[in-house]
Amino acid sequence: MFASLAKPATRTTVSYFLDDFRPRPFPELGAAKELIQFGKWMTGSSILGFIYSEGDDAFVGWFLSATALGFYQYAYRMADMPATQLSGVLSQVTFPTYSALQEDIGEVRSAVLQTTRLTAFFAFPTAFGIALVAPSFVPVVLGEQWIPMVVSMQILAFYGLFHAITRNFGELWKSQGRPDLQVKLGLVRIGCLAVAVWPAAAAWGIEGVALAVTGIYLFPMVPLDVYITANMLETTSAKFYREFVYPLVAAATMFGSLWYVRTVTEWSSLVELVVLVPAGAAVYAAASLLLEEQFEWGIRRIFGMVIQGIK
């Protein structure tokens, strides 16, 4: 508790030495009402996010077993972490950016599409890569006793993909004064999961739960998210789906070619892991360059903008 309090206290104290601005409390009922209106949706979104993220764990532990819960939790965390960490970093930048541009819908639209393109460029190969290396990664890194989680990890890798590419949309909704959309869509997601998870778990165990969680994101959540975002930006859903096509083709090429290599070789899990990771990166990079040259994907321009911004 003391550590939690020490951090904001230190930041506040130091800020008084670094800046001449001296804020003083004063009543502003209009601003308070606006903040409360906005904050209630943010609170609701956080509550629903917690229910959704923990609900499947609670169900697996109750309906299946503690052992199944251990396999499922590890599979979920390892499959979801890489892609969502990337989108988490981007969201810290995109929300203030979208807020600053909110009056110019054209600029916001351009920024959202470019962010979606950059997120998809990394999220697709990450998801396909996790699905590819999971059979080698799990026994080498975690041990043979964790092999039952492999299929769930492969399925949930695509949940991580969908989660990553749609997280950016939530930042847009907040910047446009529509945080209620996160709550309303969260209710839809939880309702769908409540209907699907029991029969899926009864039929296929933790793999069924993984299928339910991932399948609900694939449909109806991704189409709903894309439609609402496109409508808000006065464009079409096709504009967003186009941003998914090129990384999907490059990632599928990487996955297919290396999966074939795996089937015709007899390497150990360790050798597979050591070979597949750099080989996957090389194949994806080569496929991406080819797509950029042939179809003017636009990813090179995005990287140029990022590098220029860093300089």
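A residue is called buried when its relative accessible area is under 20%, exposed when it is over 50%, and partly exposed in between (1.4 Å probe, protein chains only). At 6% relative accessibility, Y217 counts as buried, and we will come back to this tyrosine below. The model is predicted: local features need pLDDT of at least 70, side-chain atom pairs count only at pLDDT 80 or more, and totals for chains, interfaces and linings use all residues. Residues are numbered from 1 along each chain as its sequence is written, and side-chain values use heavy atoms, with hydrogens and water left out.

**The chain as a whole**

- The protein chain has 10 helices and zero strands, where helices (H or I, at least four residues) and strands (E, at least two) are DSSP runs numbered from the N terminus.
- Its C-alpha atoms fill a box of roughly 70 × 50 × 40 Å along the principal axes.
- Of the 311 residues in the protein chain, 43% are buried.
- Among contacts with a separation of 6 or more, 77% join residues 24 or more positions apart; contact means heavy atoms within 4.5 Å.

**How confident is the prediction?**

- The mean pLDDT (the predictor's confidence in each residue, from 0 to 100) of the protein chain is 89, and 92% of its residues reach 70 or more.
- Confidence is highest in helix α7, at 97, and lowest in helix α10 (residues 299-310), at a mean of 73.
- Where pLDDT is low, the predicted coordinates should not be read in detail.

**Aromatic pairs**

- The structure holds 22 aromatic pairs. Rings of Phe, Tyr and Trp (its six-membered ring) pair if their centres lie within 6.5 Å; planes under 30 degrees apart count as stacked, over 60 as edge-to-face and the rest as tilted.
- The pair of F124 and F244 is tilted, because the ring centres are 6.2 Å apart and the planes stand at 40 degrees.
- F124 belongs to helix α4 (residues 105-142) and F244 to helix α8 (residues 237-263), so this pair ties together parts that are 120 residues apart in sequence.
- Both partners are buried: F124 has a relative accessible area of 6%, and F244 has a relative accessibility of 9%.
- Y159 and Y217 make an edge-to-face pair, at 5.2 Å centre to centre and with 75 degrees between the planes.
- Y159 sits in helix α5 (residues 150-175) and Y217 in helix α7 (residues 206-232), so the pair ties together parts that are 58 residues apart in sequence.
- Y159 is buried too, at 3% relative accessible area.
- A cluster linked by ring pairs takes in F121, F122, Y246, Y284, F295 and W297.

**Around Y217, and charges over rings**

- Leaving aside neighbours within four places in sequence, Y217 touches Y52, Y159, F162, H163, T166, R189 and V222.
- R189 lies over the face of Y52, 4.7 Å from the ring centre.
- The charged end of K184 sits over the ring of W41, at 5.9 Å from its centre. A charge sits over a ring if NZ of Lys or CZ of Arg is within 6 Å of the ring centre and within 35 degrees of the ring normal.

**Helix α9**

- Helix α9 (residues 269-295) has 27 residues and reaches 37 Å from its first C-alpha to its last, close to the 39 Å expected; the expected span is 1.5 Å times one less than its number of residues.
- At L276, α9 bends by about 25 degrees, and a proline, P278, follows within four residues. The bend is the angle between axes fitted to the seven residues ending there and the seven starting there.
- Buried residues of α9 include L276 and Y284.
- E296, with a positive phi near 55 degrees, follows α9.
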